[in-house]
Amino acid sequence: MSKFLKNSELTFEKAKQIVDDTLQSCDDGELYLEDTKSETIILDDNKIKSSDYSTDLGYGFRAVTGDVVAYSHSNEISDKSLKNSSQNLKSSLKGKRGTYNTEIKNTNQKFYNDIDPVEEKSLKSKIDILNDINNYARSLDSSVKQVTANFLGEKKNIEILRSGGQLLNDERPLVRFNVSVMVEKNGRKETGVYGVGGRQSYDVYLKNQNWKKVCDEAFRIATTNLDSKPSPAGEMKVVLGPGWPAILIHEAVGHGLEGDFNRKKTSVFHDLVGKKVASEGVTIIDDGTLDNRRGSLNIDDEGTPTEKTVLIENGILKNFMQDRLNARLMNTKSTGNGRRESYKHIVMPRMRNTIMLNGNNTQEEMIKSVDKGIFAVSFGGGQVDITSGKFVFNCTEAYEIINGKIGSPLKGATLIGDGPSSLKEVLMVGNDMMLDPGIGTCGKAGQGVPVGVGQPSLLIDKMTIGGTQI
Amino acid sequence: MEHKSSLMIKEDGYLKNLADICLTKSKELGSSDASVLVMNSVSENVNIRNRKIDGSERSDNLGLTLTTYIGKKKASISSSNLKEKNINTLVKRCIDATKVTPEDEFNSLPDKDLHFKGAKDLKLFDETHLDNEKKINFIKAAEEKAFSNEKIVNTNGSAFSETKSNFILANSNGFMDGYKTSQFTAYCEVVSKSNGSMERDYEYTSKRYYDDLLKPEQIGSNAAKKAIDKLNPKKIKSDKFDIVFDKRISKNFLSNFASSISSSAIAKGTTFLKDKLNKKIFDNSINIIDKGNIIKGNGSRYFDSEGIRIKELELVKDGTLMDYLIDTYNGRKINRQSNGRSSGTTNLYFENGKVPFEDLIKSGKKILFINETIGRGANIITGDYSVGASGMMIENGELAYPVSEITIAGNFNEMFKNITLANDLEFNYSTNSPSMLITGITVGGK
């Protein structure tokens, strides 16, 4: 039974009739319905700066034939509006004929509980905790001059109606909690940011005053940066810490392995399946099935059950990440990577939780082996140029390595590398794989979706550091 | 020819009615003040790839944002579900949230005297409507032109979009106004290939009026030239360089500058430009203006998101910082009246320089020309700047070879003082800069 169309002026029967009529001569497509509510509470400069509650209800109607996608979305879930969309799709695909493939496997897999993070706690109690967080963080040291803390909670319910009447649905909770601390000493200002999150209750992050650890970490990073010296410029060895630095993997190879860029042959990886693209010992997966993780999904936004997809196995390129359209055109099957930011957006192949698996080395060995290099522990964002393969990411906590020992902290700097070659330059893979704390959002073609990353410590032979010291 | 007809956006009456319902309901439920934004935008977009249609999208967005005040307490809701029954539920929820949110002495509606009043004659709405076929033909012509060069082997997709919007902003102090805007955008991104090297680049044009767009052939040939110029790049040795930044990069420095003088950052002290008012922060030759009333301007607006009229600001005069970007809330914190910048800058630009671009790239024996950066490497708290980059090495004024996989880094405090502007300012975006030379920047390479 459709939950969305139960109390709507658009009945299930009517919707089914329009969907069937529109998609009968198409290769693929669906009516995607979404109901999202979210809440953002921000404490800034000692005040509750904003308390915002938002609801968004709408549909996206998609028809696909060959390699052409027609899409129409609206907030108005009504007979009239859907018929308008149908007309629009039909005229866009005029003269094209396809064969509808109705087959999507049903699944009972569940990687998160059906909780509602927006409603499970009162607004008052969340405001109280934010005030406690502010007081605690400011009490850590007299150098703390600014504290920003926020809660972002969301519950997204989706329903997918395919031609033939198949109905698929998912209910997705998501929370994120961030603290940013600015410290000032001797006229110098630095910030530290830390956050946690996932598809579960706020309680997991807040019980036993767990939030103190988040404040402590933000404060530690800020304080470390107060003593940082200018970063060097140029090529050198890099040791990456475990966990969040895996945005290297996300940027260096992740995007380049998304099906659309490879079907269109604009990715440097498009003709490298079965070839060696990384050092031996490097295995990378994209996994949508990890419990409570930010990048996990029971089904993707086309209804395909998610899975654990092996991308690179022991250095050899195995698979791309696929949605239904690109899989069909490349004669393979969807890997459950078809995602969209919301009903306002078309589906594209997107990452879920992208992870490099453990190797045999220790972080200690890596650092010992480096005469001159940098040890990068935490990062801000990253970006990649899929076609040239060049990617960057911004260090927010890094140290110099001199003669096998960790030295002074270094000022934030951008690291730049070349995707296809950087993974061939991995010299050691650590045995300390960690997942990120659950704060990642990936942007592609203007759409943001929650993702996760993970990796063990890594030693990379050379990357270029964007510092100011030559 | 394109015919005149609208994309069926909602008219003022419909939006005003929704705004009225929200304000009335808020008052009924106990708000002392309220403000509401109701907006509708409809856009149609076509994507093509290798000169064939790849997709089409139509989007229709209708939504509202309501902020209610009870004394100095404030909360907001937004929604796209605008059935009257749901609006009632939402207003109640907003009032409930307002009640439990702590007081903030700086919360309030803006000063009535600053509300916008007057004529709306900036030509921000072009009724021209192109059907999908015309959109496809336009952008296809751009790709055709790009593909006429044999080194262009693929596209990353090209697109044409038309957006029409309307909105009403209202508050319980009697402000109720809005206006329609339009935007036409064409984008073409092509892939070049030669000797195993593959590069991409793009050209982009976005205007309020369809007739003002770059012509398709120009878009295609610009995109192709840029992508081909990048082929077979070299990585250079780390060193200090005098860098000439292409316009599409130099405007980013203006955006970084704008974030650094927002009243929010100034009030919190989270910017390297705190305490720099009336002090020299750029070279004497630099003037920066933010002007809201440019006819057909991409960044033009009549009033900001609080309904406040837009004052023309001379932010930097002869290198000296003269003003901040101020909204009501943060203005109160720093004892300044809003200058209508709660939505940020409008048409922000460096006043044109005096030196021809050709002279800038001949200003040294070796000049690095940067026309692409990657990554968000600006830290406005410290002024530190570090990004990935690619471009061209210019030797004795002649193009020597393309350069990639390098980093450029510095600190805005020094970089801003070492800027020389070219005289090639054009108004293509909301934020516009001429090309610029910045001397002595550290480049990370081999």
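Predicted model: local features only at pLDDT ≥ 70, side-chain atom pairs only at ≥ 80, totals over all residues.
Me: How many residues of chain B are in contact with chain A, and what makes two residues count as being in contact?

Reply: 60 residues of chain B are in contact with 61 residues of chain A; a contact means that the C-beta atoms, placed from the backbone, lie within 7 Å. On the side of chain B that touches chain A, strand β3 (residues 52-70) of chain B gives the most, with 10 residues. Residues are numbered from 1 along each chain as its sequence is written, while chains are lettered from A and ligands numbered from 1 in the order in which they are written.

Me: What makes strand β2 of chain A and strand β4 of chain B a pair?

Reply: Two strands (E runs in DSSP of at least two residues; helices are H or I runs of at least four, and both are numbered from the N terminus) pair if DSSP finds at least two bridges between them. Here four bridges join β2 (residues 47-65) of chain A to β4 (residues 73-79) of chain B, so they pair, and they run parallel. One example: A:Thr55 has B:Ser79 as its bridge partner in β4(B).

Me: Why are β13 and β20 of chain B called edge strands?

Reply: Chain B has an open sheet of five strands, in the order β13-β12-β11-β14-β20, with mixed pairing. β13 (320-321) and β20 (431-432) of chain B each pair on one side only, and they are the edge strands. Strand β12 (residues 313-317) of chain B pairs with β13(B) in the antiparallel sense over two bridges, and B:Val316 has B:Leu321 as its partner in β13(B).

Me: Why are helices α3 and α4 of chain B called oblique to each other?

Reply: The axes (lines fitted to C-alpha atoms over the stretch in contact, with angles from 0 to 180 degrees between N-to-C directions) of α3 (residues 132-147) and α4 (residues 216-229) of chain B cross at roughly 40 degrees and come within 7 Å. Angles under 35 degrees count as roughly parallel, over 145 as roughly antiparallel, 65 to 115 as roughly perpendicular and the rest as oblique. So α3(B) and α4(B) are oblique.

Me: How confident is the predictor about chain B, and where does pLDDT stay under 50?

Reply: Chain B has a mean pLDDT of 95, with 98% of its residues at 70 or more. pLDDT stays under 50 over residues 1-5 of chain B.

Key. pLDDT = per-residue confidence, 0-100.
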